[in-house]
Amino acid sequence: MSVTQEDAARMRALAAQLGHPQGEDGLRVGETMHESNIGMTRACLAALALQADDVLLEVGHGNGAHVAECLAAAPGLRYQGLELSALMHEDAARRNAALGEAAGFAHYDGQAFPFPDACFTHAMSVNTLYFLPDPPAFLAELRRVLRPGGTLGLAFADAEFMRALPFTEHGFRLYAMEAVRDALAEAGFLPGEARRIEEQVPSKARPGTTQSRPSWVLTARTPA
Ligand SMILES: C[S@@+](CC[C@H](N)C(=O)[O-])C[C@H]1O[C@@H](n2cnc3c(N)ncnc32)[C@H](O)[C@@H]1O
């Protein structure tokens, strides 16, 4: 295999792991995702403005190293995670076992969410949009499980920045802010805020280096 073919194979494998971490490499990727993305997760949590006794769903939480920090956002807050990756589900549940009933973790097949209608006050998803085969169905599920007047936060890196990364050509869907805002409106959400953030983060493609990453945090509400 030439160096170029090897690089392409490495990038394809990295792209697959980012969308669905599995095996020993998956645990390592989970660690690097947490390191790179904790700033986006914190920005999304801040945008949700959680209050006492709220019930938060996070879809695609990765290794869950941030869940204790989430729970510190408001007294009596309950957290429910939902993951496509069995590995991330197990890793997050194990890491957060000491949190007891304040934090629950569920694994599913990426289709219908395994929750009844209107059971969460808030929902969030960080860096998952790129991997969804059917974004309108995903947004419809988020709307279904949020209570009337509930708040959704979505965080994702800007499409132009993502396009320049060497692994996103392997199956990522990229989004400009306006496209996500429009998709939310089509799913029946009321618009909230769009906040752009820019941070220096470790590069996944070139370990040992950092890069400046622009990203978006969008909030939207379900009609009361
Ligand atoms: C790039 S990682 C982001 C993890 C974490 N939110 C972060 O920003 O570091 C994407 C995560 O979303 C999960 N995922 C992908 N598609 C999903 C889906 N349809 N439902 C739930 N989780 C999904 C993957 O298993 C993976 O853990």
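The model I am reading is predicted.

**Ligand shell**

I looked up the residues around the ligand and found 20, of which Asn37, Gly60, Glu83, Tyr108 and Val126 come nearest. A polar backbone atom of valine 126 is 2.8 Å from a nitrogen atom of the ligand. For leucine 84, a polar backbone atom is 3.4 Å from a ligand nitrogen atom. At methionine 33, a backbone N or O atom lies 3.5 Å from a ligand oxygen atom. I noted the cover next: on its own the ligand has 600 Å² of accessible area, and the protein covers 96% of this. Helix H1 (3-19) and helix H2 (23-48) are the elements that give two or more residues to the shell.

**Strand S5**

I checked S5, residues 146-157, for burial. Nine of its twelve residues are buried, so the strand is largely enclosed by the rest of the structure. Strand S4 (residues 120-126) pairs with S5 in the parallel sense, over six bridges. In this pairing I find phenylalanine 120 opposite leucine 146. Between S4 and S5 the chain passes through helix H5 (residues 135-145), and I record this β-α-β crossover as right-handed. S5 also runs antiparallel to strand S7 (residues 210-221), with seven bridges joining the two.

**Database record**

I looked up the UniProt entry, which is unreviewed; it lists residues 57-152 as "domain: Methyltransferase type". I find the end C-alpha atoms of residues 57-152 to be 9 Å apart, and the span to be 27% helix and 29% strand.

Methods
Residues numbered from 1 in each chain as written. Predicted model: local features only at pLDDT ≥ 70, side-chain atom pairs only at ≥ 80, totals over all residues. Heavy atoms only, no water. Buried < 20%, exposed > 50% of the residue type's maximum accessible area, 1.4 Å probe, protein only. Helix = DSSP H or I, 4+ residues; strand = E, 2+ residues; numbered from the N terminus. Pairing = 2+ DSSP bridges. Right-handed = clockwise from strand over helix to strand, strands pointing away. UniProt positions renumbered as here; feature names shortened; annotations may be inferred. Near = heavy atom within 4 Å. Polar contact = N/O pair within 3.5 Å; in protein donor to acceptor, adjacent residues only side chain to side chain. Areas by Shrake-Rupley, 256 points an atom, 1.4 Å probe, with all protein chains shown as cover.
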